[in-house]
Amino acid sequence: MRFRFFRRCCAAWRNAAIGTMSLLGVAGLGLASSAQGQQVDYPPVQPVAAATAPQQTGPSPIEDLERRLDEQSRQIQQLQTQLNGGTPSGTPATAAGFASGPSGNTACPCGPDGIPMCKPDPAGPPCCVEVNNDKTPMKAYWSSGVWLASTDDDFKVHFGGRIQFDAFDAFDVSARVRAGISGGSAGFGIPYFDESQGFRRDRVRMEGTIYDSVDFVWEYDFATAMNPKNFQAVQGTTLVAAQGSSVFTGTGITDMNVTLKYIPYIQNVSVGSFLVPFSFELATSDRWMDFIERSAAFDSFVPATNFANYTLGARTFGWNEAETFTYAASASMNNFWDGASGFDYGNDPMFTGRVTALPYYDASTAGRYMLEVGLSGNAFHCQADPLAAGAPDATQLRSRLATREYLSPLTPSITNTGTIDGKEQYTEGAEVVGQYGPVSFQSEFYASQVTDDNGAGGVGTEALGFKGCYAEVMYFLTGENRNYNRQRANWERVVPYEDWVRVPGEYGRACGHGAWQIGARYSYVDLNDKAVHGGQESEFTLGLNWFLNPNLKFQFNYDATYRDEETVAAGSASNGWINGFGTRMCLDF
């Protein structure tokens with residue numbers, strides 16, 4: 001009697017447990033489906049019969065329990081398959097054309113030797129995940145620009161550009177100093193230091209990532225035409241008035257390259273057109289410069305100044321795991337010559353490199369307090385003018401004002417070595433950059449040597465040496481700080497605490513004040529050595545920046561430049577001060 005009672009209790013408990021498990025399983029799946037906002041038609045759950053007196057006419061109780069559990073597992077698997085869009089949960093994705101992988105991972109897209117054929121899955125076993133070559137869903141969003149991206153960010157594209165409009169540039173300079181200036185817009189009959197306005201940069205840009213391991217960028221600059229006052233066209237050897245006509249210097253490619261990532265030991269390799277890896281000033285994009293133009297020292301010594309500092313070739317760059325050290329190196333082969341306005345590289349190779357270290361970085365404040373130091377180097381073989389038969393190899397150094405007029409290539413030179421006959425040129429740079437809350441500072445020193453000029457120009461075979469430097473300090477009146485990129489070792493976008501927003505209405509009330517920043521910079525250039533008299537320049541710049549939001553800012557600069565032109569004849573008549581005031585509207589997205 002007791003035995004029959006015990007068996008009835010066990011049967012009742014077993015049936016109740018099975019029923020409870022069935023209800024919990026279906027309820028759990030229903031909640032999961034509801035959380036994802038999907039409608040799922042659930043298979044009917046088999047009702048559990050009431051406990052009756054045991055009659056051993058079918059399977060044993062254990063077998064019946066196993067059958068019911070198997071049925072429940074099958075139903076759960078079907079529901080999970082529906083929720084996963086037809087792919088069974090927990091099944092590794094496979095790619096057509098791949099053999100099975102190592103033991104235990106037979107569904108992985110690996111080669112016959114068991115080596116993964118695609119990117120590792122950091123969250124899974126030592127196997128692979130499928131590379132999607134089919135249609136990949138993309139999401140659109142705004143993050144200081146328009147982006148399209150896949151859910152895992154393996155594929156993403158950014159469409160953007162920049163507009164930099166300079167206006168109300170005004171100058172105060174004596175006739176004596178004007179008389180000693182050369183180059184620039186003189187060939188077009190445009191008076192020096194004339195008030196002007198125009199587009200400094202007008203670029204469209206597309207950049208992104210494909211298959212996670214390849215980055216690309218495409219950028220083109222259209223700011224190459226203007227309608228200057230008093231413009232004269234050249235017809236033969238005569239200047240002819242051409243009011244209303246435009247000056248074109250040619251549209252140009254800027255950033256246009258492809259980068260392969262995750263390369264062993266060297267990390268990243270780029271091929272195409274890119275900025276030469278030299279100096280902190282150049283590493284910081286012109287979208288986020290502290291002043292309207294970079295320093296006079298930068299203008300004299302940073303390579304490829306005659307082509308917006310872009311070069312054609314290959315580069316590699318990377319950083320350590322702690323992001324306290326970065327390196328970048330490039331080898332380029334330029335195919336242009338511009339002896340009239342800057343460096344001359346010709347078709348010979350040029351090698352450039354930069355390394356930085358981060359002695360201090362406050363991670364808790366994302367770099368609000370930090371200190372960086374770095375070194376740069378550049379070497380190239382000078383090239384002769386291909387249009388002048390029998391011309392010797394040559395190079396040239398010069399600097400322009402921080403306040404520009406018209407197109408930047410038409411701005412006259414303040415210091416200028418003229419053509420220097422030489423074989424090689426070597427340039428070095430040292431940098432120190434820091435930030436303490438709303439205060440930031442940076443300084444760089446440049447030096448350049450030109451060697452083996454074969455005695456041309458009376459210089460002899462001795463090397464020539466030139467030098468320059470700058471130092472600046474900036475302060476946010478509204479308390480913000482600069483954003484420092486530890487992988488690229490540069491300043492990036494300023495994000496105001498409060499954006500300036502105009503609220504529509506009868507009074508057009510403004511909410512938020514944006515970010516306000518003031519700063520000062522001193523720059524020095526010395527292009528005198530031996531028989532070369534390129535002159536000296538001391539440049540003082542005061543700046544005010546108003547960041548309305550992360551994408552738009554207005555800049556106001558006052559520049560005072562003292563020009564000291566050393567000539568062979570005693571007492572140059574063109575020494576003196578040049579005062580300039582400039583404004584810029586800068587929109588980038």
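How many of the 589 residues of the protein count as buried? The share is 44%, with buried meaning under 20% relative accessible area, exposed over 50% and partly exposed in between (1.4 Å probe, protein chains only).

1. Ground rules. This is a predicted model, in which local features need pLDDT of at least 70 and side-chain atom pairs count only at pLDDT 80 or more, while totals for chains, interfaces and linings use all residues. Residues are numbered from 1 along each chain as its sequence is written, and side-chain values use heavy atoms, leaving out hydrogens and water.

2. Overall make-up. I get five helices and 31 strands; these are DSSP runs numbered from the N terminus (helices: H or I, at least four residues; strands: E, at least two). Of the contacts (heavy atoms within 4.5 Å) between residues at least 6 apart in sequence, 63% join residues at least 24 apart.

3. Cores. A nonpolar core here is a set of buried Ala, Val, Leu, Ile, Met, Phe, Trp, Tyr and Cys residues joined through side-chain atoms within 4.5 Å. The largest one has 21 residues, and Phe 301, Ile 420, Tyr 446 and Phe 466 have the most contacts inside it. Helix 5 (296-301), strand 22 (439-451), strand 23 (464-476) and strand 28 (515-529) each supply at least two residues of this core, with the largest share, four residues, coming from helix 5. A second, separate core of eight residues includes Leu 358, Met 370, Ala 489 and Trp 491.

4. Salt bridges. There are 23 of them in the structure, counted when a side-chain nitrogen of Lys or Arg is within 4 Å of a carboxyl oxygen of Asp or Glu. Take Arg 203 and Asp 221, which meet at 3.3 Å, N to O. Arg 203 sits in strand 4 (residues 196-210) and Asp 221 in strand 5 (residues 214-221), so the pair ties together parts 18 residues apart in sequence. Both residues are buried, and both belong to a salt-bridge network that also includes Arg 162, Arg 201 and Asp 286.

5. A pair across the chain. Arg 493 and Asp 588 form a salt bridge at 2.8 Å, N to O. Arg 493 is in the loop between strand 25 (490-492) and strand 26 (501-502), whereas Asp 588 is in strand 31 (residues 576-588), 95 residues apart. Both are buried.

6. Cysteines. Don't look for disulfides (cysteine sulfur atoms within 2.5 Å): the search of the whole structure finds zero. Cys 469 is partly exposed at 27% relative accessible area, and Cys 511 is partly exposed at 27%.
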